[in-house]
Amino acid sequence: MNVIRRRGWEIPESQLTPEPLVFSRRGVLAAGAGAGAAALLSGPALAQRVADLDKIPDPTADLYPAKRNETYTLDRPITDEKINDNYNNFYEFNSSKDVARQAQALPIRPWTIKIDGMVEKEQTVGIDDLIRKIGLEERNYRHRCVEAWSMAIAWTGFPFSKLLAMAKPLASAKFVRMETFMNPSVAPGQRQPWYPWPYVEGLTMAEAANELTFLATGAYGHPMSKQHGAPLRLTVPWKYGFKSIKSIVRFSFTDKRPVGLWEKLQASEYGFWANVNPKVPHPRWSQASEELIGTGERRPTLLFNGYGEYVADLYKGLENERLWA
Ligand SMILES: Nc1nc2c(c(=O)[nH]1)N[C@H]1C(S)=C(S)[C@@H](COP(=O)(O)O)O[C@H]1N2
Ligand SMILES: [Mo]
């Protein structure tokens with residue numbers, strides 16, 4: 001993501017020290033001191049780890065490809081899988097688009113998900129039990145990043161509403177807060193202390209229950225690649241991409257509006273609602289059009305990324321809120 005490091009969140013000494021020095025010194029401190037930090041794997045050791053992880057079976061791989069739900073149609077071709085697999089935002093690994101190799105170090109089995117907070121009964125569930133219990137379908141969705149690029153993806157997964165049915169949130173719950181794994185020993189970006197890890201995102205209960213809101217476990221007819229956020233990733237296609245949190249480990253139901261990682265870092269640029277709107281520019285660039293990654297084409301951006309018929313009603317009466325970006 002595109003963040004000016006205004007560093008209001010940093011320690012005051014940063015005002016006295018040239019930036020590159022602050023970053024390297026703090027980076028070194030964090031790597032040496034934090035959480036009993038094991039040495040970060042690289043080179044042959046990383047390759048060996050990835051090879052070992054690749055041997056761990058995926059117990060729900062037989063469910064792919066799932067039947068496509070034809071309700072959701074595209075106005076553009078699906079992005080080529082090779083391109084999509086090599087152009088990602090996954091700051092836990094690094095802040096470039098080139099994260100695919102590093103992301104392979106993430107273990108995704110076993111993977112447990114905690115459901116807690118304002119629910120009838122807190123529970124912990126393994127990803128494969130969850131997938132088998134709920135079942136899978138395929139959906140083609142557009143994806144619009146706040147950085148003014150877009151893709152189209154064939155996701156596999158299940159509607160968020162089915163997780164709600166399982167979680168049984170109390171009437172007092174107003175929001176769901178989602179959290180990504182925290183594992184700095186395999187995710188080098190998580191050793192960068194200026195990001196408020198872990199990655200967090202949130203939705204209102206009405207947004208979570210909307211028929212478009214989808215939890216993806218696969219893409220392109222097979223289990224999702226790690227760089228896309230395996231084994232469980234949110235897709236809310238009418239919002240800027242940063243809302244679609246990857247590699248989720250926890251759903252907490254709450255009456256307090258969650259503050260996402262980007263909002264915490266730079267609230268003036270990345271807000272809670274973050275609905276796509278071509279008429280409301282980001283403070284530093286226009287949102288009027290987008291680059292379709294892999295095609296060289298630029299297109300006008302659509303209000304709600306073209307999904308207004310499903311979601312516009314969610315925002316009636318909220319006109320005083322900062323609904324865009
Ligand atoms: N945990 C986590 N989730 C994340 C991100 C991230 O850095 N970490 N990046 C977000 C952003 S900005 C975008 S555009 C999408 C990118 O998804 P893709 O790499 O599958 O295209 O993931 C979102 N979810
Ligand atoms: Mo993004």
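1. A definition to begin: helices (H or I, at least four residues) and strands (E, at least two) are DSSP runs, numbered from the N terminus. Please keep in mind that this is a predicted model, in which local features need pLDDT of at least 70 and side-chain atom pairs count only at pLDDT 80 or more, while totals for chains, interfaces and linings use all residues. Residues are numbered from 1 along each chain as its sequence is written, and side-chain values use heavy atoms, with hydrogens and water left out.

2. Let us look at the cavities. A cavity is a set of points, on a 1 Å grid over the protein atoms alone, where a 1.4 Å probe fits but cannot get out, and its lining residues have an atom within 4 Å of a point. Two cavities of 30 Å³ or more are present.

3. Among the residues lining it are Arg142, His143, Arg144, Trp155 and Lys239. Here the largest share of the lining, three residues, comes from E3.

4. On to charged pairs. There are 22 salt bridges in the structure, each a side-chain nitrogen of Lys or Arg within 4 Å of a carboxyl oxygen of Asp or Glu. One of them joins lysine 97 and glutamate 147, at 3.1 Å from N to O. This pair links distant parts of the chain, 50 residues apart: lysine 97 is in the loop between helix H3 (81–84) and helix H4 (100–103), and glutamate 147 is in the loop between strand E3 (137–144) and strand E4 (149–159). Both lysine 97 and glutamate 147 are buried; buried means under 20% relative accessible area, exposed over 50%, and partly exposed in between (1.4 Å probe, protein chains only).

5. Two further salt bridges may interest you. Arginine 284 meets glutamate 269 with the closest N and O atoms 2.7 Å apart. Arginine 284 is partly exposed, with a relative accessible area of 31%, whereas glutamate 269 counts as buried at 2%. Aspartate 313 and lysine 316 also form a salt bridge, with closest N and O atoms 2.7 Å apart, and both of these residues are exposed. Through shared partners, salt bridges join Asp75, Arg76, Arg142, Arg144, Glu290, Glu297 and Arg299 into one network.

6. Now the rings. The structure holds 22 aromatic pairs; rings of Phe, Tyr and Trp (its six-membered ring) pair if their centres lie within 6.5 Å, with planes under 30 degrees apart counted as stacked, over 60 as edge-to-face and the rest as tilted. Tyrosine 91 and tyrosine 195 have ring centres 5.8 Å apart and planes at 75°, so they are edge-to-face. Tyrosine 91 is buried, with a relative accessible area of 5%. Ring pairs link Tyr91, Trp194, Tyr195, Trp197, Phe242, Trp262 and Tyr270 into a cluster.

7. Finally, which ring does the charged end of arginine 142 sit over? That of tyrosine 307, at 4.5 Å from the ring centre. A charge sits over a ring if NZ of Lys or CZ of Arg is within 6 Å of the ring centre and within 35 degrees of the ring normal.

Key:
Chains are lettered from A and ligands numbered from 1 in the order in which they are written. On a 1 Å grid over the protein atoms alone, a cavity is a set of points where a 1.4 Å probe fits but cannot get out, and a pocket is an open set with protein on both sides within 12 Å along at least five of seven lines; lining residues have an atom within 4 Å of a point. Grid points are joined across faces, edges and corners, and a volume is the space filled by probe spheres set on the points.
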